[in-house]
Amino acid sequence: MKTTLLLAALPAATIALPTWPWNKPHGHNKPLKYSGLDVLAKRAGLKYFGTAIDNVVLDNPTYISIAHNRSEFGQVTPSNGQKWMYIEPVQNKFNFTLGDQITVPAKKKGQLRRCHNFVWHNQLPDWLTGRNWTKPELVKVLENHIKHEAKHYYNDCIAWDVVNEAFEDDAVASLRKDIWLDVIGKEYIELAFKFARKYTKPGTKLYYNDYAIERVNNKSRAVAALVKDFKKRHIPIDGVGLQAHYTVGRAPSYDEQLATHKLFSDLGVETALTELDVRIQLPDNATLQAQQGAVYANSTKACLDADDCVGITVWDFWDPVSWVPSTFPGFGNADIWDANFTKKPAYYAISDLLRSYD
Ligand code: G3I
């Protein structure tokens with residue numbers, strides 16, 4: 001069932017629906033036949049509609065046939081395969097197997113690759129976290145890692161998430177207390193961007209990527225201040241990734257998201273929804289699924305209407321592989337294909353929204 005009718009029945013207080021018509025002329029007047037999300041997104045003016053892909057499901061042929069279906073997904077991000085613990089499991093011994101399992105087939109299919117990530121507090125190898133470092137030593141470790149990973153994926157990435165989740169969720173959005181801040185100090189962020197610019201292919205978009213910055217709030221203002229400072233001091237940065245991990249009933253409205261895109265585009269950087277998903281408090285039902293569809297549609301619409309939002313990536317498309325249930329017990333079904341590989345109302349909500357821009 002398509003979601004459009006269900007959306008109309010939702011209480012306005014729960015979800016702020018975009019105003020009909022969701023239209024912006026783009027000059028395509030041909031009648032629309034069925035098309036995948038990436039085809040529709042490109043017609044609506046985005047560079048891509050993509051998905052994250054995890055290595056743990058690569059042996060599922062149905063999953064693979066959808067993940068690498070270029071009509072649905074014109075871009076992919078490895079959910080895990082390019083993270084530090086897998087890429088450099090032993091100091092200065094690099095292993096690109098898990099990243100390549102995602103990027104190589106994507107390249108063959110003509111799907112763009114967003115690369116994720118160079119620096120994070122999470123999924124670090126024991127050799128890195130299990131001993132003390134001096135600042136010069138850790139700076140060298142950081143540069144060496146970025147250098148080798150950037151070189152291996154030199155022709156692969158349209159964008160890199162250079163630094164991921166550097167801010168805490170506390171009231172003042174302080175910098176996250178992790179090994180990078182402890183040993184190097186806040187300078188680690190700009191060093192990472194400088195190394196990324198030095199070793200990635202010219203033109204690769206260098207992103208700061210974080211969650212809970214999709215409203216104008218303390219955390220997004222802290223990120224904006226970082227971007228403004230970088231621009232002033234000519235530290236390279238090209239984009240801010242709004243991860244967009246949402247919950248039905250608590251997601252930012254269309255207006256809130258649009259204002260956030262503007263907060264960043266006014267500073268001269270592009271934005272993207274880099275990890276979009278919308279979790280449901282279980283048990284699931286048709287009303288919740290319709291509300292979920294409205295959140296996906298609102299987010300898609302805000303990206304389309306923003307000045308410089310280039311694309312949308314869902315943080316996997318298939319419910320069984322979602323990171324949500326293990327992190328938020330009692331929540332789930334955050335993705336746009338269900339366990340039986342059936343497209344959910346959320347899929348059609350995005351698709352309908354994109355079609356309305358044709
Ligand atoms: O590597 C083992 C594998 O050997 C084993 O077979 C499998 C069985 O469960 O577990 C595998 O490791 C898991 C890994 O994902 C691969 O699926 C880890 O236990 C699990 O913790 C890890 O979770 C990932 C999480 O980051 C780690 O924090 C999620 O898949 C991944 O989607 C998630 O992604 C993050 C983004 O990078 C940053 N933003 C938030 C987002 C969601 O947490």
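Which two residues form a disulfide with sulfur atoms 2.0 Å apart? The pair is C303 and C309. The model discussed here is a predicted one.

## The disulfides

The structure holds 2 disulfides. A disulfide is a covalent bond between the sulfur atoms of two cysteines. In the link of C303 and C309, the torsion about the S-S bond is about -90 degrees, so this disulfide is left-handed. Both C303 and C309 are buried.

The other link joins C115 to C157, with 2.1 Å between the sulfur atoms. The S-S torsion of C115 and C157 is -85 degrees, and this link is left-handed. C115 belongs to strand 3 (residues 112-119) and C157 to strand 4 (residues 157-164), so the bond ties together parts that are 42 residues apart in sequence. C115 and C157 are both buried. If the bonded cysteines of the protein chain are numbered in sequence order, the pairing reads 1-2, 3-4.

## The ligand and its surroundings

The ligand has 16 residues around it, and those that come nearest are K83, H116, E165, E275 and W315. How does this shell divide into nonpolar, polar and charged residues? There are 5 nonpolar, 7 polar and 4 charged residues in the shell.

A nitrogen atom of the ligand lies 2.7 Å from an N or O atom in the side chain of E275. For D54, the distance is 2.9 Å, from an N or O atom of the side chain to an oxygen atom of the ligand. For N122, an oxygen atom of the ligand is 3.0 Å from an N or O atom in the side chain. On its own the ligand has 800 Å² of accessible area, and the protein covers 55% of this.

## Helix 12

Helix 12 runs over residues 286-305 and has 20 residues. From its first C-alpha to its last, helix 12 reaches 28 Å, close to the 28 Å expected at 1.5 Å a residue. Is helix 12 largely enclosed by the rest of the structure or largely open? Of its 20 residues, 17 are buried, so helix 12 is largely enclosed by the rest of the structure.

The N-terminal end of helix 12 is capped by N285. A side-chain oxygen of N285 lies 3.0 Å from the backbone nitrogen of T287.

## Residues in loops

D156 sits in the loop between helix 7 (135-152) and strand 4. The relative accessibility of D156 is 13%, and because buried means under 20%, D156 counts as buried. The side chains of D156 and R113 are joined by a polar contact of 3.1 Å.

L175 is placed in the loop between strand 4 and helix 8 (179-183). With a relative accessible area of 19%, L175 is buried. P125 lies in the loop between strand 3 and helix 6 (126-129). The relative accessibility of P125 is 5%, so P125 counts as buried. P125 and N340 are 215 residues apart in sequence and 35 Å apart in space, C-alpha to C-alpha.

Most residues other than glycine have a negative phi, and most peptide bonds are trans. The peptide bond that joins H116 and N117 is cis, with omega about -5 degrees. N117 lies in strand 3. A cis peptide bond also runs from L282 to P283, where omega is near 5 degrees. P283 is found in the loop between strand 8 (270-281) and helix 12.

Q123 has a positive phi, near 50 degrees, and is a residue other than glycine. Q123 is in the loop between strand 3 and helix 6. At 18% relative accessibility, Q123 counts as buried. H234 has a phi near 60 degrees, which is positive in a residue other than glycine. H234 is in the loop between helix 10 (218-232) and strand 6 (239-242). Is H234 buried or exposed? The relative accessibility of H234 is 70%, so H234 counts as exposed.

Notes
Residues are numbered from 1 along each chain as its sequence is written. This is a predicted model: local features need pLDDT of at least 70, side-chain atom pairs count only at pLDDT 80 or more; totals for chains, interfaces and linings use all residues. Side-chain values use heavy atoms; hydrogens and water are left out. A residue is near a molecule or strand if one of its heavy atoms lies within 4 Å of it. A polar contact is a pair of N or O atoms within 3.5 Å; within protein, one must be able to donate a hydrogen and the other to accept it, and residues adjacent in sequence count only if both atoms are side-chain atoms. Accessible areas come from the Shrake-Rupley method with a 1.4 Å probe; for residues, only the protein chains shown count as cover. Ala, Val, Leu, Ile, Met, Phe, Trp, Tyr, Cys and Pro count as nonpolar, Asp, Glu, Lys and Arg as charged, and the others, Gly among them, as polar. A disulfide is a pair of cysteine sulfur atoms within 2.5 Å. Helices (H or I, at least four residues) and strands (E, at least two) are DSSP runs, numbered from the N terminus. Buried means under 20% relative accessible area, exposed over 50%, partly exposed in between (1.4 Å probe, protein chains only). The expected span of a helix is 1.5 Å times one less than its number of residues.
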